[in-house]
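Dear colleague,

I am passing a structure on to you, and I would be grateful if you could look through it alongside the notes below.

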Amino acid sequence: MNLRSIGFRLTVWYFVSLCIIFLLFGIGSKLAMQRSAFHVVDGELQAELDAVTHFLKTEARGLTAADLEDELSELSQGGVSVAVSDQTGRWVYRSSLFVSNRLEIPKNPDLQRHTVKGARDRIRIASTRVVSDGTFYTVTAAYSMHEFNRSIEHFESVLLISMPVALFLASLGGYLFSRRALNPVNRIILGAQSISLRNLSARLAVPRTGDELQRLSETINQMLERIERSVQQIHQFTADASHELRAPLTLMRTAAEFSLRRERSREELADALSKILRESERMSRLIDSLLLLARTDAGVDDVHWEHLNLAGPVQEAAEQARVLAQAREIDYEILLPAEPVPVSGDPDALRRVVFILIDNAIKYTPSGGAVSVKLSQRNGHAAVAVEDTGIGIAEKDIARVFDRFWRADKVRSRSEGGVGLGLSIAETITRLHRGAIELSSKPGRGSIFTVVLPGDERN
Ligand code: ADP
């Protein structure tokens with residue numbers, strides 16, 4: 001038996017509570033029995049005192065001492081004993097109970113009933129003063145509590161035997177019941193122990209009890225669901241990242257091997273070297289992106305906060321991309337408001353977000369199309385809308401464009417130098433700035449990506 005288990009601890013609590021309840025019950029019952037015994041006895045004593053008082057006042061006149069004694073002994077029959085003494089302190093009559101227990105004449109009659117200790121048992125006493133024919137009598141009635149004490153003792157011994165048995169049975173029942181009630185917990189523990197990275201798709205059996213244990217297993221299952229999804233994403237991300245890193249490496253190795261295979265002209269060597277350079281640049285861009293995502297995943301906040309006019313980074317990014325638009329013969333437009341657009345954030349990071357969106361808009365818009373970059377303010381927010389008349393995004397893909405390494409068309413994206421991390425980086429940076437990217441797109445018609453950032457009142 002595990003002494004720290006909930007079942008055992010519940011049983012101990014149950015046992016201790018029962019002990020206290022039984023003890024209070026025992027003591028309470030004994031006191032109640034005593035009280036009702038005294039109540040009954042006091043009634044008897046009072047009746048006896050009344051009878052003797054009546055007798056002394058009405059019938060005792062002129063009786064000899066012997067007759068008086070005889071009459072009083074008649075009165076003294078039944079459970080109640082009686083004794084009468086006169087003002088000199090001499091016994092007029094006293095029954096055997098007074099003799100055998102050497103009971104004294106009470107010093108203050110008429111006082112409350114009380115109990116004294118007799119030779120063997122406790123004795124309940126009541127007394128009163130009576131004046132009859134010019135003589136003062138003290139009448140005392142006494143009742144041996146022997147019978148009552150025996151009943152109470154009997155009751156006590158019944159309690160002493162039955163209570164431990166009842167306690168034992170109740171505690172045993174409590175223990176078995178708590179074990180039964182907690183059985184599903186053991187099943188949950190065993191189920192949880194059997195789940196590891198190897199079988200993350202396994203789930204706990206849910207007990208249909210409608211109680212906390214059902215909720216606990218359902219909650220654990222939901223947690224497993226989330227962990228499984230995250231692990232799958234990590235696996236996918238690792239596989240995609242390795243694949244993306246391997247491609248430029250292979251190209252670089254092939255170019256180097258090809259150049260070394262035989263004597264090459266200076267031009268051929270320069271060509272191979274520039275291929276290697278291009279691929280190594282691509283690799284380091286990829287590694288930078290991976291590092292940035294890894295750092296934000298790990299909760300490292302690299303934002304260098306400052307108060308700025310968002311028009312600055314937007315214009316820089318837009319100007320930087322202008323040559324790309326020109327190279328593709330795309331109609332390119334930058335619209336900046338006359339008044340400043342205050343935000344707080346990292347200008348470099350924000351420039352990067354806008355550049356990613358413009359770069360995509362140009363990449364996925366055929367020659368002759370149009371791309372516009374528009375900065376505006378609305379409801380205390382800053383908004384940068386990058387609109388293109390390009391190929392657009394299918395409705396089913398809209399939710400996925402921000403996923404890492406996701407690309408609608410891998411070949412096209414790759415030929416444009418993309419690896420599918422641009423939008424996830426833009427989204428991560430925007431989230432760090434407490435903003436969001438909104439997207440609306442129609443396949444064949446074009447897309448609008450809008451970065452919405454909270455405005456900065458202090459600027
Ligand atoms: P990359 O451009 O490097 O492939 P991104 O994360 O920037 O990666 O974009 C992911 C995918 O979203 C792209 O491959 C492309 O399929 C789609 N996409 C992004 N921007 C646009 C756009 N303006 N128009 C059409 N498709 C786009």
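What follows describes a sheet, the helices on it, a loop residue and some salt bridges.

This is a predicted model, in which local features need pLDDT of at least 70 and side-chain atom pairs count only at pLDDT 80 or more, while totals for chains, interfaces and linings use all residues. Residues are numbered from 1 along each chain as its sequence is written, and side-chain values use heavy atoms, with hydrogens and water left out.

Helices (H or I, at least four residues) and strands (E, at least two) are DSSP runs numbered from the N terminus, and two strands count as paired if DSSP finds at least two bridges between them. On these terms there is an open sheet of five strands in the order β2-β1-β5-β4-β3, with antiparallel pairing. Its edge strands, each pairing on one side only, are β2 (91-94) and β3 (114-117). Strand β1 (residues 81-86) is joined to the antiparallel β5 (residues 135-144) by six bridges, and S81 stands opposite A142 of β5.

Helix α1 (residues 6-58) lies across β1, β3, β4 (122-132) and β5, at about 25 degrees to β4, and helix α2 (residues 65-75) lies across β1, β2 and β5, at about 35 degrees to β2.

In the loop between α3 (96-100) and β3 sits L103, which is buried at a relative accessible area of 8%; buried means under 20%, exposed over 50%, and partly exposed in between (1.4 Å probe, protein chains only). Leaving aside residues up to four places away in sequence, L103 touches W91, L97, F98, V116, I123, I125 and A142.

The whole structure holds 18 salt bridges, each being a side-chain nitrogen of Lys or Arg within 4 Å of a carboxyl oxygen of Asp or Glu. One of them joins R282 and E244 (3.8 Å, N to O), linking helix α6 to helix α5 across 38 residues of the chain. By contrast, R253, which forms a salt bridge with E257 at 3.4 Å between the closest N and O atoms, counts as exposed at 59%, while E257 is partly exposed at 40%.

Key
Contact = heavy atoms within 4.5 Å. Axes fitted to C-alpha atoms, helices over the stretch in contact; angles between N-to-C directions.
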